[in-house]
Amino acid sequence: MASPTGMCCRLFERHNSLFFPVYLPQERLKDDNILPFSAFLTDSFGRRHNYLRISLTEKCNLRCQYCMPEEGVKLTPRGQLLSTSEVLTLARLFVREGVDKIRLTGGEPLIRPDVLDIITELKKLEGLKTVAVTTNGLNLSRLLPKLKETGLDLINISLDSLVPAKFEFIVRRKGFHKVMEGIDKAVEVGYNPVKINCVVMRGLNEDELLDFVSLTETKPLEVRFIEYMPFDGNKWNFKKMVSYQEMLDRIRQQWPKLERVQAGPADTAKMFKVPGFSGQLGFITSMSDHFCGSCNRLRITADGNLKVCLFGNSEVSLRDALRSGASDEELLQIIGAAVGRKKKQHAGMFSISQRKNRPMILIGG
């Protein structure tokens, strides 16, 4: 069944004692500049979700403080994780409905043995414009030539300190020089920009802000400073969070001519550039200045649950539906119902910190 396009209305039908919305197409929007978009991926506030993040594994070769508890997490049994064919089945369905960007996350996605095969197959999907990976960088240098061959479009690399000893303290493992080698090689093989994700935590690495900005002087890097966010087991508290405005003020003291860069309507980062520098910097302000109104992201966890909000604890299992033999149409009804329940915005940093949610590593950060 072809996906409905344009505006839609929702009726409800009964299915196994639950009610799911049935989406019926209405007339296309009168504005010819607005393309029709799947009703299943459009929420009740008109947000169109064309960006899908898929977690390939819960495993990681680091133990970052902001991502997981020190004692680690209980991993889902292998048989309950999405198989390669299930990952690709769901990806094809979402792309058919209008998703044009897929980001592969984890855990650490580059430790999944078939990651190159998955990227190769994703690149064959008509309508999919961008395939990206977020990685901790430990295995990146070794895999870069093959990643480039598969057609991987974008790379985000996590790096929370430029001081080797501090890096090891934050991630609870060694590997600083491997990460730096991966960043340099990504630039060398032509990725532009190479995005660097830095979670800023008071008392740990906020004193390195200027050093990170300096990285953008001669290299095509996009350093993204991320406000520390609460997830199960990461011992978040408000005092550890360094706000976007505080970071910006500190950077402007050094570079008063820092310029704001125009970002896309659904971009999460507030972008800036030091005049004359090759790269740029951005701020992910999830806590102090949320961007829920323009959110276009959906997430599939490694065990096959759909999360419509990073900070929401509501999930629906696409894996179970797949394994019970659900048709594409039945899957779309489940997806559409979940997207339709998406709230206008998250509950705010203090409420989020009190709510039960997965550790970041089990979400796909």
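Mentor: Start with the lining of the largest cavity: six nonpolar residues, two polar and one charged. (Ala, Val, Leu, Ile, Met, Phe, Trp, Tyr, Cys and Pro count as nonpolar; Asp, Glu, Lys and Arg as charged; the others, Gly among them, as polar.) Find them on the model. Leu 62, Cys 64 and Tyr 66 line the cavity. So do Asn 136, Ser 158, Leu 159 and Asp 160. Phe 167 and Val 171 complete the list. (A cavity is a set of points on a 1 Å grid over the protein atoms alone where a 1.4 Å probe fits but cannot get out; lining residues have an atom within 4 Å of a point.) The space inside is about 40 Å³. The structure holds one cavity of 30 Å³ or more.

Two of the lining residues, Phe 167 and Val 171, lead us to helix H4, residues 164-171.

Follow the chain past H5, residues 176-188. Pro 193 sits in the loop between H5 and strand S7, which covers 194-200. A cis peptide bond joins Asn 192 to Pro 193, with omega about 0 degrees. Another cis bond links Gly 106 and Gly 107, where omega is about 20 degrees. Gly 107 belongs to the loop between strand S4 (101-105) and H2.

Now H2 itself, residues 115-122. H2 packs with H1 at about 25 degrees, the axes 11 Å apart. That makes H1 roughly parallel to H2 (the angle is under 35 degrees). In this contact (heavy atoms within 4.5 Å), Thr 84, Val 87, Leu 88, Ala 91 and Arg 92 of H1 meet Ile 118, Glu 121 and Leu 122 of H2. The classes are five nonpolar, one polar and two charged.

H1 also packs with H9, residues 328-340, at about 70 degrees, again with axes 11 Å apart. (Axes are lines fitted to C-alpha atoms over the stretch in contact; angles run from 0 to 180 degrees between N-to-C directions.) Here H1 is roughly perpendicular to H9 (65 to 115 degrees). Leu 93, Phe 94 and Arg 96 of H1 meet Asp 328, Leu 331, Leu 332 and Ile 335 of H9.

Residues are numbered from 1 along each chain as its sequence is written, and side-chain values use heavy atoms, without hydrogens or water. In this predicted model, local features need pLDDT of at least 70 and side-chain atom pairs count only at pLDDT 80 or more, while totals for chains, interfaces and linings use all residues.

Terms used:
Helix = DSSP H or I, 4+ residues; strand = E, 2+ residues; numbered from the N terminus. Parallel < 35°, antiparallel > 145°, perpendicular 65-115°, else oblique. 1 Å grid on protein atoms, 1.4 Å probe; cavity = no way out; pocket = protein on both sides within 12 Å on 5 of 7 lines; lining within 4 Å. Points joined across faces, edges and corners; volume = space filled by probe spheres on them.
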